[in-house]
Amino acid sequence: MEQDTRPTLLKLTVVTERTALSRSTLYRLIHAGHLNAVRVGKALRVSESELRRFVDALESGELQV
């Protein structure tokens with residue numbers, strides 16, 4: 001059986017729920033390059049692994065919001 005290795009892309013609404021950050025704060029962080037997002041059509045998506053990296057950086061103190 002083959003495993004699916006495609007990244008899970010999350011809507012910003014999901015990212016706001018998981019991080020308790022506002023949508024405008026997420027846009028600011030994406031624009032500043034602190035959170036990487038991909039554009040799918042007109043929508044922005046954040047990969048599960050990128051969200052984990054971002055949260056780890058916040059927890060370790062490498063990044064402050």
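# Close-up views of a predicted protein chain

Among contacts (heavy atoms within 4.5 Å) in the protein chain between residues at least 6 apart in sequence, 45% join residues at least 24 apart. This is a predicted model, in which local features need pLDDT of at least 70 and side-chain atom pairs count only at pLDDT 80 or more, while totals for chains, interfaces and linings use all residues. Residues are numbered from 1 along each chain as its sequence is written, and side-chain values use heavy atoms, with hydrogens and water left out.

View 1. Helices (H or I, at least four residues) and strands (E, at least two) are DSSP runs, numbered from the N terminus. Read along the sequence, their pattern is β-α-α-β-β-α. The C-alpha trace spans about 40 × 30 × 20 Å along its principal axes. The accessible surface, computed by the Shrake-Rupley method with a 1.4 Å probe and, for residues, with only the protein chains shown as cover, comes to about 5,000 Å². Carbon and sulfur atoms account for 49% of this surface. Of the 65 residues, 29% count as buried. Here buried means under 20% relative accessible area, exposed means over 50%, and partly exposed lies in between (1.4 Å probe, protein chains only).

**View 2. The largest nonpolar core has 14 residues.** A nonpolar core is a set of buried Ala, Val, Leu, Ile, Met, Phe, Trp, Tyr and Cys residues joined through side-chain atoms within 4.5 Å. The members that touch the most other members are L12, V15, L26, L35, V46, L51 and F54. At least two residues of this core come from each of helix 1, helix 2, strand 3 and helix 3. L51 is in contact with L10, V15, R18, T19 and V46, leaving aside its neighbours within four places in sequence.

**View 3. Helix 2 (residues 23-32) has buried residues T25, L26, L29 and I30.** Why do they lie on the same side of helix 2? They do so because they cover an arc of only 135° around the axis, where the arc is that of the directions from the helix axis to the C-beta atoms. An α-helix has 3.6 residues a turn, so residues three or four places apart point the same way. The buried residues of helix 2 pack against helix 1 (12-19), strand 3 (43-47) and helix 3 (48-60). S24 and H31 are exposed on the other side of helix 2. Just after helix 2 comes G33, with a positive phi of about 85°.

**View 4. T16 sits in helix 1.** Is T16 buried or exposed? T16 has a relative accessible area of 18%, so this residue counts as buried. Not counting residues up to four places away in sequence, T16 touches L21, S22, R23 and L26.

**View 5. A salt bridge joins the side chains of R18 and E48.** A salt bridge is a side-chain nitrogen of Lys or Arg within 4 Å of a carboxyl oxygen of Asp or Glu. Side chains of opposite charge can pair when their charged atoms come close. The structure holds 2 salt bridges. In the one between R18 and E48, the N to O distance is 2.6 Å. R18 lies in helix 1 and E48 in helix 3, so the pair ties together parts that are 30 residues apart in sequence. R18 counts as partly exposed because its relative accessibility is 48%. E48, at 22% relative accessibility, is also partly exposed.

View 6. E50 has a relative accessible area of 8%, so E50 is buried. R53 is partly exposed, at 37% relative accessibility. Leaving out residues up to four places away in sequence, E50 touches H34, L35 and N36. The C-alpha atoms of E50 and L12 are separated by 13 Å, and these residues are 38 residues apart along the chain.

**View 7. L9, V38 and V40 make a nonpolar surface patch.** Patches are made of residues with over 30% relative accessible area and no salt bridge, with like charges joined within 9 Å and nonpolar side chains (Val, Leu, Ile, Met, Phe, Trp, Tyr) within 5 Å. This patch has an area of about 230 Å². V38 is found in strand 2 (residues 38-40). With 38% relative accessibility, V38 counts as partly exposed.
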